[in-house]
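Q: Hey, I'm new to this one. Can you walk me through it?

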Amino acid sequence: PYTREHAEAWIASHGASRRSGVEHVFCIEYGGAVIGSIGLQRKADDAYDLGYWIGEPWWGRGFATEAVRRIVRFAVDELGAARLTAGHFADNPASGRVLEKCGFRYIGSGMAVGAARRERALHRSFELASGEGERRAATS
């Protein structure tokens with residue numbers, strides 16, 4: 001759903017945040033091609049907010065789940081994160097299932113505007129305390 005202008009602005013914004021050390025952004029690759037991205041943004045309360053996207057041709061193949069599990073380990077092991085937050089728009093329930101499979105728990109909903117949609121829509125919020133993801137993912 002993103003335009004070229006969205007992509008250029010997103011890439012430009014990450015150069016500045018990398019210099020400040022507050023954000024970690026990674027490409028998701030498959031077969032030598034970039035198929036998505038995942039990242040962490042440090043929040044004021046020392047938690048990290050997780051965001052990701054996967055290109056539509058690769059939906060439903062487990063790439064998002066694998067990437068979220070890996071970045072949770074990175075956040076806990078490398079950054080010492082005690083808590084992670086994430087969310088998805090209600091009309092994208094597959095993204096919510098990814099978060100649940102990775103141990104995140106639903107904490108509430110509200111209206112939000114996404115860069116690609118340019119309109120308010122129902123957004124569902126999730127969180128994960130350090131250690132919860134490994135325990136919950138092991139049982140799912």
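A: Buried means under 20% relative accessible area, exposed over 50%, partly exposed in between (1.4 Å probe, protein chains only). This is a predicted model: local features need pLDDT of at least 70, side-chain atom pairs count only at pLDDT 80 or more, and totals for chains, interfaces and linings use all residues. Residues are numbered from 1 along each chain as its sequence is written, and side-chain values use heavy atoms, with hydrogens and water left out.

Q: Which residues touch the most other members in the largest nonpolar core?
A: Leu40, Leu50, Val68, Val72, Leu84 and Phe104, out of 24 residues in that core.

Q: And which element gives the most to this core?
A: That's H2, with eight residues. Helices (H or I, at least four residues) and strands (E, at least two) are DSSP runs, numbered from the N terminus.

Q: New topic: what lines the second largest pocket?
A: Among the lining residues are Phe26, Ile38, Phe63, Arg70 and Phe74. H2 provides the largest share, six residues.

Q: Is Gly80 buried or exposed?
A: Gly80 is exposed, because its relative accessible area is 56%.

Q: Where does Gly80 lie?
A: In the loop between H2 and E4. Gly80 and Asp46 are 34 residues apart in sequence, and their C-alpha atoms are 9.7 Å apart in space.

How values were computed: 1 Å grid on protein atoms, 1.4 Å probe; cavity = no way out; pocket = protein on both sides within 12 Å on 5 of 7 lines; lining within 4 Å. Core = buried A, V, L, I, M, F, W, Y, C linked by side-chain atoms within 4.5 Å.
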